[in-house]
Amino acid sequence: MTLWRIRATVDDRPGYLSVLTASLALRGVNILTLQVQPTEQGAVDDFLVDAPDALDEAELIAAVERGRGRDCWVARSEARGLADQPTRVLGLANRLVRDPDATGEALRTLLGADSVSWRPAAAAPGRGVADTSMLLADPTGGSFALRRAAPAFTPAEYARAQALVELAATVTRRATEQVTLVLPDGAELVVRPACADDLPGVQELHERCSPRSRHRRYLGGAAVPQPARLRRLLEPSRGLTLIATTTAADGTAESVVAMANLLGEGDEAEVAFLVRDDWQRRGLGSALLRRLARHADGAGYAALVLHVQAENTPMLRTLRRLDRPSSMLRDGPLLTLTVPLAVPAISRG
């Protein structure tokens with residue numbers, strides 16, 4: 001028996017696929033896997049089959065056509081083709097997480113492309129699939145161009161490939177944005193933008209903070225916020241959330257020890273922090289505030305706003321270390337501090 005890959009378009013009507021499979025069965029062909037990819041021309045069926053050694057390519061094509069299949073493509077396959085598509089895609093995704101520079105090779109493996117090239121030009125005007133050519137947008141800039149002799153690319157393959165490219169771009173972006181922070185006492189942490197996957201770690205951070213620390217952060221109470229609220233804080237519609245993490249001595253466990261929020265509203269951005277009690281008074285809050293201030297400067301906000309309890313002297317001390325002019329309004333025990341930012345000059349030329 002010999003492994004073959006067969007791809008054919010079949011009308012998306014009841015019973016048509018069974019006619020094709022029956023035609024293959026009459027020639028002793030055993031279907032091992034099947035993927036169905038919808039297209040405007042019909043359902044593109046991708047088979048991995050085990051066929052008698054006596055059958056050649058022409059006979060397989062004839063069997064497909066007798067089963068009402070069209071635009072048939074047949075090629076010998078290898079044992080590695082027995083791995084199902086989700087398993088292959090997950091394996092490639094895992095590789096890209098470890099090495100995002102391998103995007104081109106991952107695309108070649110995923111799609112069996114004959115050539116993969118990166119272009120500095122954006123892909124927007126001609127992005128998509130055109131027969132045996134594919135153009136993918138690279139979120140970091142430029143585009144990937146793929147070609148193969150046969151078969152023609154499908155929209156489903158395009159979607160898978162674009163998802164892999166976006167994964168690699170996300171890994172690259174996070175690696176670029178991630179920094180190692182060394183505190184005055186020599187402790188090292190990683191500071192990076194937060195994402196939705198950080199929810200469990202941020203929940204644990206809140207649970208390990210004292211009620212006093214939580215009350216200073218949220219002003220209205222000391223309870224741990226609901227997950228829905230934490231999700232909004234992790235990925236604000238405008239602004240940025242940073243988390244600081246430390247790794248266990250064995251290098252296996254990441255623990256979130258601080259969260260810093262920059263929440264945009266109009267031309268101002270509100271700043272708030274939560275630092276785990278055992279990491280307070282070590283310079284971590286000051287380092288996070290400086291990073292948020294630089295981000296706010298670059299984003300064009302006019303001012304930073306902080307709402308602080310008057311008794312929260314550690315936060316007031318952190319703000320003084322920012323070494324920027326600020327104004328203060330008091331409403332009972334609550335202080336509202338405003339730090340003007342440099343507004344970029346507008347060119348009139």
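The largest share of the lining of the second largest pocket, six residues, comes from strand β13. The model is a predicted one, in which local features need pLDDT of at least 70, side-chain atom pairs count only at pLDDT 80 or more, and totals for chains, interfaces and linings use all residues. Residues are numbered from 1 along each chain as its sequence is written, and side-chain values use heavy atoms, with hydrogens and water left out. Helices (H or I, at least four residues) and strands (E, at least two) are DSSP runs, numbered from the N terminus.

**The second largest pocket**

- A pocket is defined on a 1 Å grid over the protein atoms alone, as an open set of points where a 1.4 Å probe fits, with protein on both sides within 12 Å along at least five of seven lines; lining residues have an atom within 4 Å of a point.
- The second largest pocket holds about 640 Å³ of space, where a volume is the space filled by probe spheres set on the grid points, which are joined across faces, edges and corners.
- It is lined by 32 residues, and Phe 273, Leu 274, Val 275, Asn 312 and Met 315 are the closest to its centre.
- Two or more lining residues come from each of α7 (211–218), α8 (227–234), β13 (268–275), α9 (284–299), β14 (303–309) and α10 (313–321).
- The lining of the second largest pocket comprises 15 nonpolar, nine polar and eight charged residues; Ala, Val, Leu, Ile, Met, Phe, Trp, Tyr, Cys and Pro count as nonpolar, Asp, Glu, Lys and Arg as charged, and the others, Gly among them, as polar.

**The largest pocket**

- The largest pocket has a volume of about 840 Å³.
- Its lining has 33 residues, of which Arg 5, Arg 88, Thr 109, Leu 110 and Gly 112 are the closest to the centre.
- At least two lining residues are supplied by each of β1 (2–10), β2, β3, β4 (70–76), α3 (85–98), α4 (103–111) and α5 (155–177).
- In the lining of the largest pocket, twelve residues are nonpolar, eight are polar and 13 are charged.

**The sheet of β1 to β4**

- Strands of a sheet pair through backbone hydrogen bonds, either parallel or antiparallel.
- An open sheet of four strands has the order β2-β3-β1-β4, with antiparallel pairing; two strands pair if DSSP finds at least two bridges between them.
- Because β2 and β4 stand at the edges with a single partner strand each, one side of each has no neighbour in the sheet.
- Neighbouring strands of this sheet are turned against each other by 15° on average, direction ignored.
- Strands β2 (residues 30–39) and β3 (residues 42–51) are joined by nine bridges, and a hairpin connects them through two residues.
- Thr 33 has Leu 48 in β3 as its bridge partner.
- Strand β3 also pairs with β1, in the antiparallel sense, over nine bridges; here Val 44 in β3 is the bridge partner of Thr 9.

**Helices α1 and α2**

- Helix α1 lies across β1, β2 and β3 and runs at about 20° to β3; contact means heavy atoms within 4.5 Å.
- Helix α1 (residues 16–26) packs with helix α2 (residues 57–66) at an angle of about 145°, their axes being 8 Å apart; axes are lines fitted to C-alpha atoms, for helices over the stretch in contact, and angles run from 0 to 180 degrees between N-to-C directions.
- Leu 20, Ser 23 and Leu 24 in α1 meet Ala 63, Val 64 and Arg 66 in α2.
- By class, the residues of this contact are four nonpolar, one polar and one charged.

**The sheet of β5 to β8**

- Four strands make an open, antiparallel sheet in the order β5-β8-β7-β6.
- β5 (115–119) and β6 (128–130) stand at the edges, each with a single partner strand, so one side of each lacks a neighbour in the sheet.
- Five bridges pair β7 (residues 133–137) with β8 (residues 143–147) in the antiparallel sense, and Met 134 has Leu 146 in β8 as its bridge partner.
- Helix α4 packs on this sheet, touching β5, β7 and β8, and its direction makes about 35° with that of β8.

**Loop details**

- Asp 131, in the loop between β6 and β7, has a phi near 60°, a positive value in a residue other than glycine.
- A cis peptide bond, with omega about -5°, joins Ala 150 and Pro 151; Pro 151 lies in the loop between β8 and α5.
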